[in-house]
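Please look over the chain below before reading on. The notes after it are grouped by topic.

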Amino acid sequence: MKNIKKVIITGGCGFIGSNLVKYLLKRNYFVINVDKLSYSANLYNLKDLNNKRYILYKADINNQNLFLKILKKYNPSIVFNLAAETHVDRSIDSPKPFIHTNINGVFNILESIRFYKKNTQKKIKLIHVSTDEVYGDLNKSKKRAKENFPYTPSSPYAASKASADHLIKSYIRTYNFPAIISNCSNNYGPNQFPEKLIPKIIFNILNNKPIPIYAKGLNSREWIHVEDHCRALLLLASRGKIGQNYNIGSNNNLTNIKLTKLILKKVKER
């Protein structure tokens, strides 16, 4: 397997992570999945995976010594960081886990890669998966965020992701660190955690339960299919410019009420 590219995916048992694992395996990458298997991870997402080019480590990204050992053992060319606490409402109820994973965890990844690169002189890059929520609420202004927009996070979750972005940018400038940041819009697709909006709507419709719509459902979100996101991440890894951040989206916005009506229509057509 000397000629096969090796990559690490942190949080590879989560929604986007598991889809990225499958996407890269189809393209003949050797994938090392590092996941602490918290509530948002699900081994079921990869249950049918039987591939000699895949290995799972149950580990927390805050375990710097173990993460460094994994780097030294496999010598990956890319680290895709998708390990994160992601639910806004959970961050409001209990922000501490978001600080622990989304900020401290990223710091440990940065330090591990920095030491690894310094000691081995091997080429490696970090693709950090952030979120468009770092830009705050753009609904009122009806603007689309550009990469140079100021960060105005409006929840502990968004603030933790914004903090990680700033930390990475400081490493890029201070240490000439090989990193690229992606800020993606809302994802949907297979294996999404059931508390998220689209799977929750589908589940409630199929089980004849009330559909949870906040206020009048006029909040607008931009949606992208998770496989399109995975395709963009691989494109960034191969063609993205080190030190840059890139917004990833579909340019398709839907209000929550319009999205719900669209899903209802599709269910009725079944």
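Serine 160 touches Phe98, Ile99, Asn102 and Ile103, leaving aside its neighbours within four places in sequence. Serine 160 sits in helix α5, residues 156-175. This is a predicted model. Serine 160 is buried, because its relative accessible area is 1% and buried means under 20%.

**Overall build**

- The chain has 8 helices and 10 strands.
- Along the principal axes, the C-alpha atoms fill a box of roughly 55 × 45 × 35 Å.
- Of the 270 residues in the chain, 45% are buried.
- The chain exposes about 14600 Å². Carbon and sulfur atoms supply 51% of that area.
- Take the contacts between residues at least 6 apart in sequence: 76% of them join residues at least 24 apart.

**Helix α1 against helix α7**

- Two packed helices are described by the angle between their axes and the distance between the axes.
- Helix α1 covers residues 15-25, and helix α7 covers residues 226-239.
- The axes of α1 and α7 come within 9 Å. They cross at roughly 65°.
- The crossing of α1 and α7 is right-handed.
- From α1, the contact is made by Phe15, Ile16, Asn19, Leu20, Tyr23 and Leu24.
- From α7, the contact is made by Val226, Glu227, His229, Cys230, Arg231, Leu233 and Leu234.
- By class, the contact of α1 with α7 has 9 nonpolar, 2 polar and 2 charged residues.

**Helix α6 and its cover**

- Which residues of helix α6 (residues 197-206) are buried? They are Leu197, Ile198, Pro199, Ile201, Asn204 and Ile205.
- An α-helix has 3.6 residues a turn, so residues three or four places apart point the same way.
- The cover over the buried residues of α6 includes β7 (186-188), β8 (220-225) and α8 (256-269).

**Glutamate 147 in its loop**

- Glutamate 147 lies in the loop between β5 (125-131) and α5.
- Is glutamate 147 buried or partly exposed? Its relative accessibility is 34%, so glutamate 147 counts as partly exposed.
- Leaving aside its neighbours within four places in sequence, glutamate 147 is in contact with Tyr135, Asn245, Tyr246 and Asn247.
- Valine 134 and glutamate 147 are 13 residues apart in sequence. In space they are 11 Å apart, C-alpha to C-alpha.

**Positive phi in two further loops**

- Leucine 37 is in the loop between β2 (30-35) and β3 (54-58).
- Phi of leucine 37 is near 60°, a positive value in a residue other than glycine.
- Leucine 37 counts as partly exposed, because its relative accessibility is 26%.
- Asparagine 251 is in the loop between β9 (245-248) and β10 (253-255).
- Phi of asparagine 251 is near 70°, again a positive value in a residue other than glycine.

Note on methods:
Residues are numbered from 1 along each chain as its sequence is written. This is a predicted model: local features need pLDDT of at least 70, side-chain atom pairs count only at pLDDT 80 or more; totals for chains, interfaces and linings use all residues. Side-chain values use heavy atoms; hydrogens and water are left out. Axes are lines fitted to C-alpha atoms, for helices over the stretch in contact, and angles run from 0 to 180 degrees between N-to-C directions. Helices (H or I, at least four residues) and strands (E, at least two) are DSSP runs, numbered from the N terminus. A crossing is left-handed if the near helix is turned anticlockwise from the far one by less than a right angle, and right-handed if clockwise. Contact means heavy atoms within 4.5 Å. Ala, Val, Leu, Ile, Met, Phe, Trp, Tyr, Cys and Pro count as nonpolar, Asp, Glu, Lys and Arg as charged, and the others, Gly among them, as polar. Buried means under 20% relative accessible area, exposed over 50%, partly exposed in between (1.4 Å probe, protein chains only). Accessible areas come from the Shrake-Rupley method with a 1.4 Å probe; for residues, only the protein chains shown count as cover.
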